[in-house]
Number of protein chains: 2
Amino acid sequence: MDLTGVNIPVADARKQEAITDEQAQYFLDNGFLVVRGVLAGEELALVQREMQRLYEKGAAGVENDPDYMYGTGVKSGQPVLRRIEYVIDKSDPMKALLGHPFILRSVEKLQGRNLIATWDSMVLKAPDEGVIVPWHRDAAVPDGCADPRPIFNVDFYLDEADLKTCLWVIPGSNKWTKAEADARCNQPGFSTDDAIPVPMQPGDVIFHNIEVLHGSPSGDGNPLRRTVYYEFRPGEIEAEFGPHTLEYLSLKQQVLLDCIERRKAAPYAQGETPFLYRPNGAFAVHAARRPEQYRYGHEHYWRR
Amino acid sequence: MDLTGVNIPVADARKQEAITDEQAQYFLDNGFLVVRGVLAGEELALVQREMQRLYEKGAAGVENDPDYMYGTGVKSGQPVLRRIEYVIDKSDPMKALLGHPFILRSVEKLQGRNLIATWDSMVLKAPDEGVIVPWHRDAAVPDGCADPRPIFNVDFYLDEADLKTCLWVIPGSNKWTKAEADARCNQPGFSTDDAIPVPMQPGDVIFHNIEVLHGSPSGDGNPLRRTVYYEFRPGEIEAEFGPHTLEYLSLKQQVLLDCIERRKAAPYAQGETPFLYRPNGAFAVHAARRPEQYRYGHEHYWRR
């Protein structure tokens, strides 16, 4: 796709309280949106350190813990750490990050007041083992769901992703049918004719719809890339279609409330206007309760 | 209504594990069902003592506690205790009573596995102050609800109600339209032409649909009558229409699980097969958690 002269809206968390209406519309139409400068200074350094700690633990080899997931290195053929689940449980700064007011205000703008935080994971591209990530959708909107509000991930980049190794996105593919998406994903190689690259700096964020097609090319000689994914879903969709139970929804509301309070206490968050979580209707919460845990394992809360 | 020769199914908790299919159908068709001998022996005596304690406390006059509700005595003109809310919170044997396996198995038969316990109250007819309770419905099924499963109260009688003072019911009026019910309720006096009396012994129970028309005549010289009402709702109806939030539903599932465990420990329940609460689908519960309280005030959990 020739992007010469294409004007892609980019939000800037250093200058805005939340994404604008125009940026929200761009996200709804195209399935992704870039936000610059969400993490900076002390918080960025802290989150980088924390995630480096987890990365190094995982890279050294963790056995019998399903939260540390490995693939096979394309060059070494050795087990390579590719993903760590439940990062909020494993690090307090990641709890405070869930309370980020720019992010939550923007999620609220797109999903409504009853937003629910679901997955929290770190995805890793190991140094010099960067394999092609083929074109894919993360997940499908639940069958029968006519609610137009987007389910999406907020991807926090902790390392630079340059034009050679960055994510590519096919704008608007979030609106394609399953057949159209499958046909595109089944094309051989990693063609980028209809796609655009999304180079990122540490602290930048991508909002990406779970149904937008994305992927990345093989990264010969690539450096380590750590990206944290926080997924959000409108409570109304989750309550009606799942995949989690209503119990999960209620428990995760308490986690979110707790993380917002934790952020208020963080030294680096003192200049912010905190996010006010105010779910309503069926989703109203009477009182904050200290969560019993920060790792509500998904498999315990599937609908059966 | 001439009841000569009318054969009304009556369940017997001393001989059955739950209501039969025939009894369930009678309840669905007519809006009420009598169950004999639910409470007996040690448990009946204990529950009577506990509720006498609350009655005497209330009758002595409780101020600034919304759980104790007063009316005006028809004879004395004085404040008369008429209702006490949240009896489960106020008495441990009432927690164990919520776990009663005959009751819960019967509720499950009528409402499905995702039954939710909502209100728990004691209603009082003060000695010699028994006013006419005009024909009424307790509440309406939520607007737009097409789910045919009944919402109903389980009324535990702690005192005798004889033919002179007992509840009267209009069989089948749970299926009437609102206009039909209103017309009947607006008839002057307490006509019983189309109704049947439901005399009760201590320990007997009535299941009554919230939409069945019921009432009772004036009780000149009536003795004290204490009746405990436990209301149950199908979780699916509550989740879609309220009136409570999803948070309430989840909290009350934990209360129910706790009360079932408490009953297992009660000396008088050792001969029973405990009820197994096994909500499923969106209502599945991963693990029992000790409830933080037994009095989740309704007003904190209305949908707004």
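This report looks at a predicted model, its chain interface, its salt bridges and one surface patch.

**Ground rules.** Residues are numbered from 1 along each chain as its sequence is written, while chains are lettered from A and ligands numbered from 1 in the order in which they are written. In this predicted model, local features need pLDDT of at least 70, side-chain atom pairs count only at pLDDT 80 or more, and totals for chains, interfaces and linings use all residues; side-chain values use heavy atoms, with hydrogens and water left out.

**Confidence.** The mean pLDDT (the predictor's confidence in each residue, from 0 to 100) of chain A is 94. In that chain, 98% of residues reach 70 or more. For the complex, the predictor gives an ipTM of 0.85 and a pTM of 0.90.

**Where the chains meet.** 21 residues of chain A are in contact (heavy atoms within 4.5 Å) with 21 residues of chain B. The area buried between chain A and chain B is about 1,800 Å². Buried area is the accessible area (1.4 Å probe) that two parts lose on being put together, summed over both. Carbon and sulfur atoms give 56% of the area between these chains. A:Leu246, A:Glu247 and A:His286 supply 34% of what chain A buries against chain B, more than any other three residues.

**Salt bridges.** A salt bridge is a side-chain nitrogen of Lys or Arg within 4 Å of a carboxyl oxygen of Asp or Glu. The structure holds 50 of them over all chains, and two lie between chain A and chain B.

| Pair | N to O distance |
|---|---|
| A:Glu247 and B:Arg289 | 3.0 Å |
| A:Arg149 and A:Asp147 | 2.7 Å |
| A:Arg233 and A:Glu231 | 2.6 Å |

How exposed are these residues? Buried means under 20% relative accessible area, exposed over 50%, and partly exposed in between (1.4 Å probe, protein chains only). A:Arg233 is buried at 5%, and A:Glu231 is buried at 6%. A:Glu247 is buried too, at 2%. A:Arg149 is partly exposed at 26%, and A:Asp147 is partly exposed at 25%.

A:Asp92, A:Lys95, A:Asp258 and A:Arg262 are linked in a network of salt bridges.

**A surface patch.** A:Val74, A:Val131 and A:Ile132 form a nonpolar patch on the surface. Patches are made of residues with over 30% relative accessible area and no salt bridge; like charges are joined within 9 Å, nonpolar side chains (Val, Leu, Ile, Met, Phe, Trp, Tyr) within 5 Å. Together the three residues have about 230 Å² of accessible area, computed by the Shrake-Rupley method with a 1.4 Å probe, where for residues only the protein chains shown count as cover. A:Val74 is partly exposed, with a relative accessible area of 47%.
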